[in-house]
Amino acid sequence: MMLSLLRTSSAHPDFIALVKLLDADLATRDGADHSFYAQFNKIDQLQTVIVAYNDKEAIGCGAFKPFEADKVEIKRMYVKEEARNKKVASQVLSALELWAKELGYFTYILETGIRQPEAIALYHKMGYHIIPNYAQYADVSTSVCFQKENTPI
């Protein structure tokens, strides 16, 4: 696999196409809870997006958005099924962390669902630790929230 990563925004057509696949996957996994989560996953304001390519095919993505002064929220992590278990997600996540760090953000938070064991395993492997559910996820029993600290450059 020849992986390349593109820094872009949520207006990129490959990102939009990958998010449609992500949302379809989440609708299946989340069932009745999907509409609750969907309201927090709008992509129109995301200015920091990474799309992963194998040759010229878009196979994965992720994004972040400012959350607090020194903190970003990782959003819209996805890898196409046929590209999974090839370290694509970990490379996308590492690239997002580096980009955030370059912009002066040193704390990364995210939310995933209990029905996404692959995501939970990835975040543990990448050094994230479970934190109390934050903001709109505070009382949501199907959410798992994570955080990772980084050191300033």
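In soluble globular proteins, nonpolar side chains tend to be buried together. In the predicted model considered here, the largest nonpolar core comprises 28 residues, and the members that touch the most others are Ile-74, Met-77, Leu-93, Tyr-123 and Tyr-128. Two or more residues of this core are supplied by each of the strands β2 (48-54), β3 (57-68), β4 (71-79), β5 (107-113) and β7 (143-149), and likewise by the helices α3 (88-102) and α4 (117-125). Helix α3 provides the largest share, with 8 residues.

When neighbours within four places in sequence are set aside, Leu-93 is in contact with Ile-74, Met-77, Leu-122, Tyr-123, Met-126 and Tyr-128.

Most residues other than glycine have a negative phi. Asn-85, by contrast, has a positive phi, near 65°, and is located in the loop that lies between β4 and α3. Asn-85 is classed as exposed because its relative accessible area, 83%, is over the 50% cut-off. The loop between β4 and α3 also holds Lys-87, a residue that is not a glycine and yet has a positive phi of about 70°. With a relative accessible area of 56%, Lys-87 is likewise exposed.

Notes
Residues are numbered from 1 along each chain as its sequence is written. This is a predicted model: local features need pLDDT of at least 70, side-chain atom pairs count only at pLDDT 80 or more; totals for chains, interfaces and linings use all residues. Side-chain values use heavy atoms; hydrogens and water are left out. A nonpolar core is a set of buried Ala, Val, Leu, Ile, Met, Phe, Trp, Tyr and Cys residues joined through side-chain atoms within 4.5 Å. Buried means under 20% relative accessible area, exposed over 50%, partly exposed in between (1.4 Å probe, protein chains only). Helices (H or I, at least four residues) and strands (E, at least two) are DSSP runs, numbered from the N terminus. Contact means heavy atoms within 4.5 Å.
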